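User: Please take a close look at one part of this structure for me. I would like plain terms, with the cut-offs given.

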Amino acid sequence: MPKQPLAFPSLSSSIVKFCEAHDDPFVASAPRWLNEFYAFAMELPQRYEWMLSDVDAFKSRVHESRTSVEFNRVYWNDQLSNIQSHALITAWRTLELLNPAIRGLNVGELLAPAVLARSLLELASAFLVHANTIEATLGKISFPRNTIVVSAEVEEYVLKMIWGTRLAEPEKTYKQTNALTFIQKLSKNENVKDLLPTYEYLCEIAHPNVIGNVRFWSHVKHIDEHGFRHVEIAST
């Protein structure tokens with residue numbers, strides 16, 4: 001079956017002009033990195049076979065292993081399959097958030113794109129922290145000859161990364177880290193010092209607070225004899 005073509009939204013010409021004239025280099029480069037991300041997305045598979053194993057399936061598979069090399073191959077292929085699947089799902093989630101954000105901006109909406117942008121910041125921050133942690137951890141692992149090598153640290157981290165939740169009272173292993181924790185961790189880097197203030201501003205818009213409400217304030221029509229301001233509010 002041929003691969004279905006994907007159609008991604010483009011920023012309107014007015015937004016592109018706004019970005020290109022902006023003083024902030026990140027905003028100015030937004031059209032370029034957006035196009036680069038969509039070019040990357042075109043290369044992503046639309047379907048993927050995730051080799052997902054439970055404890056019994058894993059035991060059955062490693063029972064066939066005759067050497068430490070075979071055991072390590074099964075064990076680490078299992079971990080890497082989970083990591084790769086999570087990375088792909090994160091890319092798909094990014095697209096599902098980014099596309100409506102672009103479409104909303106193009107028609108002059110502000111609240112929905114701001115809420116979606118907040119979710120995108122959370123998703124990107126979590127993924128970056130996960131990627132850095134996994135890379136650093138795997139970089140320390142060696143495979144001595146005739147030795148079975150496992151890592152409870154990697155297992156627990158990957159479990160929480162994929163199956164983590166904050167609903168009800170999950171076991172400690174599955175209690176997902178608060179999204180703000182990832183934002184705060186990255187914000188310690190001087191190169192992303194604007195991350196936390198930007199995130200907080202987007203949260204203010206998303207919540208029923210003044211910045212989100214002011215979106216609908218138009219202008220003061222007149223002030224009456226008692227000093228009351230008659231403010232016109234509008235849906236657009």
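Is N146 buried or exposed?

Analyst: N146 is exposed, with a relative accessible area of 66%. Here buried means under 20% relative accessible area, exposed means over 50%, and partly exposed is in between, with a 1.4 Å probe and protein chains only. The model is predicted, so local features need pLDDT of at least 70 and side-chain atom pairs count only at pLDDT 80 or more, while totals for chains, interfaces and linings use all residues. Residues are numbered from 1 along each chain as its sequence is written, and side-chain values use heavy atoms, with hydrogens and water left out.

N146 sits in the loop between α6 and α7. Helices (H or I, at least four residues) and strands (E, at least two) are DSSP runs, numbered from the N terminus. The phi of N146 is positive, about 60 degrees, although N146 is not a glycine. Most residues other than glycine have a negative phi.

A second residue of this kind is A168, with a positive phi near 55 degrees. A168 belongs to the loop between α7 and α8 (179–187). A168 counts as exposed, at 72% relative accessibility.

The helices on either side of the N146 loop also take part in a cavity: α6 (111–139) and α7 (152–163) are the elements that give two or more residues to the lining of the largest cavity. A cavity is a set of points, on a 1 Å grid over the protein atoms alone, where a 1.4 Å probe fits but cannot get out; lining residues have an atom within 4 Å of a point. Rolling a probe the size of a water molecule over the atoms shows where empty space is left.

In the whole structure, a search finds one cavity of 30 Å³ or more. The volume of the largest cavity is about 60 Å³, where grid points are joined across faces, edges and corners and a volume is the space filled by probe spheres set on the points. Its lining consists of T133, I134, T137, L138, E153, V154, Y157 and V158. By class, five of these lining residues are nonpolar, two are polar and one is charged. In this scheme Ala, Val, Leu, Ile, Met, Phe, Trp, Tyr, Cys and Pro count as nonpolar, Asp, Glu, Lys and Arg as charged, and the others, Gly among them, as polar.

Conventions. 1 Å grid on protein atoms, 1.4 Å probe; cavity = no way out; pocket = protein on both sides within 12 Å on 5 of 7 lines; lining within 4 Å.
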